[in-house]
Amino acid sequence: MISKGSSWSLAALLLASDFPAAVSEEAPATGLSTCQCLGTSWSPKDTHPNSIENDKLILKTAGATYLYPLTYGQNCGMHDNNLPPLCNQASANPEWCTEKWCYVDKSTCSLFYAKSQFFPDENNLHYSYATCNGGASSNSFEKWAGMDVDGNSRMLDLMARYLQSSREQIESSHAQQGNPLEPCAVSTTCPCLECSQDGTWKNKIDFSDVGVYDNPLSKAASCLANSIAYTYRRVAAKEGNRERIGYQYFSDQDSGAYVGWPNTDWCPNNYDPRYRPWYAAGATGPKDVVIVVDVSGSMQTAGRSNLARQATKAILDTLTWKDFATIILFNSDIDAVFSTKMVSVTDEQRDAMKSWVDRGDWNHEGTNFQAAMLGERDDLPGAFKIIRDSVSQGQTSMCQKIVMFLTDGQAEFTEGDYQRTQELATQYHAVIFTYALGSGADASVSKRLACDNNGIFYPVPDNADLATVMADYYKYFADGQQSCTPSFVEYTDAVTGTSLVAGCLPMYDRTNPRPALLGVSCMDINMLADVEQLKKAESWAETISIASDVSKKCRPIDMSECHLQKLRLKYSAESVCPAGPSVNANTKCPCLEQGCSDDPDFIDEKGYFCDTWVGDSCDQASSVFGYSAAGEAQVKSKCRHSCGLCQWYDICPYTTTTCTTSSLPTKSRACQTDTVTGVDIEGCKMACLDPSNPRYAGTRTCTAAVSAVGQSSMISLLAMVLSVAAAARATLIL
């Protein structure tokens, strides 16, 4: 029995009861008899003489070459400790670096093992941590059981470090190899030659390997896949469990190639991971999205209405719980809205929105741009009334806002309408992306709306892939944002139905002063522990709140007009705005001051963290938002990045870029301030759920998805049950 005076943490007690530590025997240096180390019976001198140089093993990974001792992996030992590329870092190293392991023969090993990547042409060399751990699991979470540690908070930090290791491999590989002349060796998912049927996973699986899907696979993508496989195998060998569903996965931005552990026999049709919620969640920060779609009669031409439906659903597939969105259908007036205020796009909500899109009547007469953008009806509001009402009710990400406007028609839009639209876009810091579909579209109105409001105009011919063009909007956010911490997303495994929570981290090309997205890597919490068991622990609620805070953190968009013009040009010369700077593909744009950042712990005098100033003007803190002069000065001093106060250099003094990684917080924001609103990863109201904190909320309040009713008066049944601070800063700009 544990006494009241025990120093054990609550999380440790829960861990000890839910995840009992495995009982193990003392492992000999040669491993257990059920999975013996190869030891000196196997020598790379005999089997791989070309992998030896000056009595050292040659390791090639991420485009670099390293020399290891010949005894590497022969018997149980901490073979990776202090060795490059990942176990000699000045900061925290991955957990596997100090774990004992050895090479084993998989045909005589009954324990968990993984395929070695040391020798490119070797398909039968494997290694095991378990045999050097007395047969017990090397899983970190199970090791914490019974220890006086906060396992849940450690879990998030451990995931972050593993994801950062993957990022280091990917970014190093790209920097070293660039565009390789030859492809790198990878295993494929289609077909998976070593996979066998597994009852738990309900598929053919190879737990020892990492698989790649792409057809065809580019040389660059194969080498990125080869590099990230190095860390995926390490994490899997240490943390994985055949009986626990959990994945590691990555997608390449340029090609859309998919890399995943475990390797799975998988041959999907038309699958592009770049347009899945997990990818967009990792690549971009939270955002508010209003999708405005023309459903006039002309949209029946060339199947445009069906293309518009597909495009709308493709956009929804790039949104997650941390994003807020709604949909407007218009013709001669507003025909329908999904909800009169934006809603958090949870999985359940996304399904409801897609169903609504499929049910809608997309065949009416007339086109009214003014109503679509500026309409003031309470039951059928235009885009900016929805934004205003959503902000006033706290149904917003409090980050960037984007209006996506699709039409194939021509309609009157007066000079006063343009001016009013620009005023509202400036007030709410919204950008407008416009899409002119087909040969009859009024390109002049659409283009000016985009150019006046810091957006991009897309002329889209009838034979183009409208869904991909519109879903590519997220590249605007990815190009101007950089994230050094993971975002978290909950999903259900399509094959097994298992509930999973993933942490996702973007990787960048850092060979230039402006980082460019290389791809996104994710890891499921289930790699470490069973989520359903974790949810039974009282500390889970606070842990998920912290994960939600990290994910919901607003990311500033660092983009000059030069960068925006280049993005426009990348799509089409017709998209370039006439009033902007003249650019070409080789134009060098200004670069941002490196090292300019926010104080992550600063809370201003009204209770807000720095990132909530993204999209608001810090210069108006006192004049508009009611701050004292001293409070405004402090915001500008502590929140330089979010306030847009970092310096731009016309002549860039940098040649590369870096990412300053900070550890994840140990306390949720709701336990530090009363201004937190919105929902968490699981769709529950953000609240302090730490029983030891004075702000402890006691219970969680969770809500169902918003439903849309009718086709002419689409008022939501419930606009989202959210607790909004009465003095919320957002309401002061109305």
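Here is a walk through this structure, from the whole chain down to one residue.

The model is predicted, so local features need pLDDT of at least 70 and side-chain atom pairs count only at pLDDT 80 or more, while totals for chains, interfaces and linings use all residues. Residues are numbered from 1 along each chain as its sequence is written, and side-chain values use heavy atoms, with hydrogens and water left out.

Let's start with the whole chain. Its secondary structure comes to 18 helices and 25 strands; these are DSSP runs, with helices (H or I) of at least four residues and strands (E) of at least two, numbered from the N terminus. The radius of gyration, taken over C-alpha atoms, is 27 Å, close to the 27 Å that the globule rule gives for 734 residues, so the chain is as compact as a globular protein of that length. That rule is 2.2 Å times the number of residues to the power 0.38. The C-alpha trace spans about 85 × 65 × 50 Å along its principal axes.

What about the inside? Of the 734 residues, 58% count as buried, meaning under 20% relative accessible area (1.4 Å probe, protein chains only).

Now zoom in on Thr673, in the segment after strand S25 (648–649). Thr673 is one of the buried residues, with a relative accessible area of 6%. Not counting residues up to four places away in sequence, Thr673 touches Gly607, Phe609 and Arg695, where a contact means heavy atoms within 4.5 Å.

Definitions and conventions. Buried < 20%, exposed > 50% of the residue type's maximum accessible area, 1.4 Å probe, protein only.
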